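Reader: I would like to go through this structure one question at a time. Please keep the answers plain.

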Amino acid sequence: MALSATASQKTRIRRKAPRGFLKRIFKRQKPHLRLETSGDLLVHLNCLLFVHRLAEESRINACENKCGVIKNEHVLSAAKVILKKSRG
């Protein structure tokens with residue numbers, strides 16, 4: 001492995017989730033809502049999992065249509081399927 005590809009021991013891992021942004025949005029939308037300390041991280045994780053499912057379903061739709069590029073209609077049809085599944 002090249003040296004540039006490995007992370008050195010001294011580098012600090014940065015926080016990836018925009019915690020301040022998420023907390024600010026929660027306070028604006030629902031000021032009476034009380035979340036635990038890691039509640040914003042759970043919401044961020046849920047969003048990431050949704051985007052991951054959307055990308056996988058879009059890729060499957062594109063492959064079924066024998067298209068090498070994921071187009072807008074692939075994403076829209078995948079979003080309909082995923083939102084129906086997550087409705088509960």
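Reader: Which helices do the buried residues of helix 2 pack against?

Author: This is a predicted model, in which local features need pLDDT of at least 70, side-chain atom pairs count only at pLDDT 80 or more, and totals for chains, interfaces and linings use all residues. Residues are numbered from 1 along each chain as its sequence is written, and side-chain values use heavy atoms, with hydrogens and water left out. Helices are DSSP runs (H or I, at least four residues), numbered from the N terminus. Packing rests on contact (heavy atoms within 4.5 Å), and the buried residues of helix 2 pack against helix 1 (19-29) and helix 3 (72-86).

Reader: With which residue does Asp-40 form a salt bridge?

Author: A salt bridge is a side-chain nitrogen of Lys or Arg within 4 Å of a carboxyl oxygen of Asp or Glu. For Asp-40, the closest N and O atoms of the pair are 3.0 Å apart, and the partner is Arg-19. Asp-40 lies in helix 2 and Arg-19 in helix 1, so the pair ties together parts that are 21 residues apart in sequence. The partner asked for is Arg-19.

Reader: Is Asp-40 buried or exposed?

Author: Buried means under 20% relative accessible area and exposed over 50%, with partly exposed in between (1.4 Å probe, protein chains only). Asp-40 has 1% relative accessibility, so Asp-40 counts as buried.

Reader: Which side chain of opposite charge is nearest to Glu-57?

Author: Glu-57 is found in helix 2 and touches Ala-78, Val-81 and Ile-82, leaving aside residues up to four places away in sequence. Lys and Arg count as positive, Asp and Glu as negative, while His and the chain ends are not counted. Glu-57 is buried without a salt bridge, and the nearest side chain of opposite charge, 4.5 Å away, is Lys-85.

Terms used:
Helix = DSSP H or I, 4+ residues; strand = E, 2+ residues; numbered from the N terminus.
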